[in-house]
Amino acid sequence: MKNEDKKKALNEYLEAKKELNYWAKKVAELEPLDMYRSPTASGMPSGGGPGNPIEAAVVELEAARENKSRAEEYTRAARERVMAIIQTAPAADQRVLLMRRYIDGMSWDDIAEAEGKSRTWATNTHGTAVKLITVPELRV
């Protein structure tokens with residue numbers, strides 16, 4: 001398998017987190033409208049029809065919550081897949097570096113600083129690790 005394909009597989013979790021963050025923010029934006037209660041459930045007459053902006057926002061909130069829930073499930077599964085790939089690296093330094101990069105989303109400079117090493121060490125160790133890891137099942 002090509003190194004680019006391996007990197008793509010390793011990036012699956014960080015990509016999933018981006019989508020999850022989008023839906024979490026969308027839910028947070030719409031939740032102040034959650035005070036709305038269905039007129040039929042309360043026995044009150046409806047204050048509007050299909051064009052009612054509050055009702056439309058509530059529908060959007062429900063959809064955002066469902067999408068957030070799906071994104072949470074996918075993100076958990078993606079993290080497990082990426083961790084399984086990382087565990088195939090033979091050295092602890094390589095596994096830690098890969099976790100910092102593909103789980104924590106750290107930059108090369110931040111990884112080097114965290115390890116007390118140079119940026120060159122970080123990129124070289126990464127290159128070696130990517131060559132040595134195996135991707136059991138490519139899911140990108």
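Helices (H or I, at least four residues) and strands (E, at least two) are DSSP runs, numbered from the N terminus. The model is a predicted one, in which local features need pLDDT of at least 70 and side-chain atom pairs count only at pLDDT 80 or more, while totals for chains, interfaces and linings use all residues. Residues are numbered from 1 along each chain as its sequence is written, and side-chain values use heavy atoms, with hydrogens and water left out.

**Overall picture**

- The protein has 7 helices and 0 strands, and from the N terminus on its elements run α-α-α-α-α-α-α.
- Of the 140 residues in the protein, 31% are buried; buried means under 20% relative accessible area, exposed over 50%, and partly exposed in between (1.4 Å probe, protein chains only).
- Among contacts with a separation of 6 or more, 69% are between residues 24 or more positions apart; a contact means heavy atoms within 4.5 Å.

**Confidence**

- The mean pLDDT of the protein is 88, and 84% of its residues reach 70 or more; pLDDT is the predictor's confidence in each residue, from 0 to 100.
- Over residues 39-45 the pLDDT is below 50, and this stretch has 4 contacts in the model beyond near neighbours in sequence.
- Where pLDDT is low, the predicted coordinates should not be read in detail.

**Helix 5 and Tyr102**

- Helix 5 (residues 92-102) has Gln94, Leu97, Leu98 and Tyr102 as its buried residues.
- These residues cover an arc of only 105° around the axis, which puts them on the same side of helix 5; the arc is that of the directions from the helix axis to the C-beta atoms.
- An α-helix has 3.6 residues a turn, so residues three or four places apart point the same way.
- The buried residues of helix 5 pack against helix 1 (3-10), helix 2 (12-30), helix 4 (53-86), helix 6 (108-115) and helix 7 (119-132).
- Tyr102 belongs to helix 5 and is buried, with a relative accessible area of 4%.
- Leaving aside neighbours within four places in sequence, Tyr102 is in contact with Lys7, Leu10, Asn11, Tyr13, Leu14, Val82 and His126.
- Although Tyr102 and Asn11 are 91 residues apart in sequence, they are 6.0 Å apart in space, C-alpha to C-alpha.
- The side chains of Tyr102 and His126 are joined by a polar contact of 2.6 Å. Such a contact is a pair of N or O atoms within 3.5 Å; within protein, one must be able to donate a hydrogen and the other to accept it, and residues adjacent in sequence count only if both atoms are side-chain atoms.

- Trp108, Ile111 and Ala112 are buried in helix 6.
- Seen down the axis of helix 6, its buried residues fall within an arc of 100°, so they line one face of the helix.
- The buried residues of helix 6 pack against helix 5 and helix 7.
- Trp108, Asp109, Ile111, Ala112 and Glu115 in helix 6 meet Arg119, Trp121, Ala122, Thr123 and His126 in helix 7.
- Just after helix 6, Gly116 takes a positive phi of about 70°.

**Thr125**

- Thr125 lies in helix 7 and is buried, with a relative accessible area of 12%.
- The side chain of Thr125 reaches the backbone oxygen of Trp121 at 2.8 Å.
- Not counting residues up to four places away in sequence, Thr125 touches Asp93, Gln94 and Leu97.
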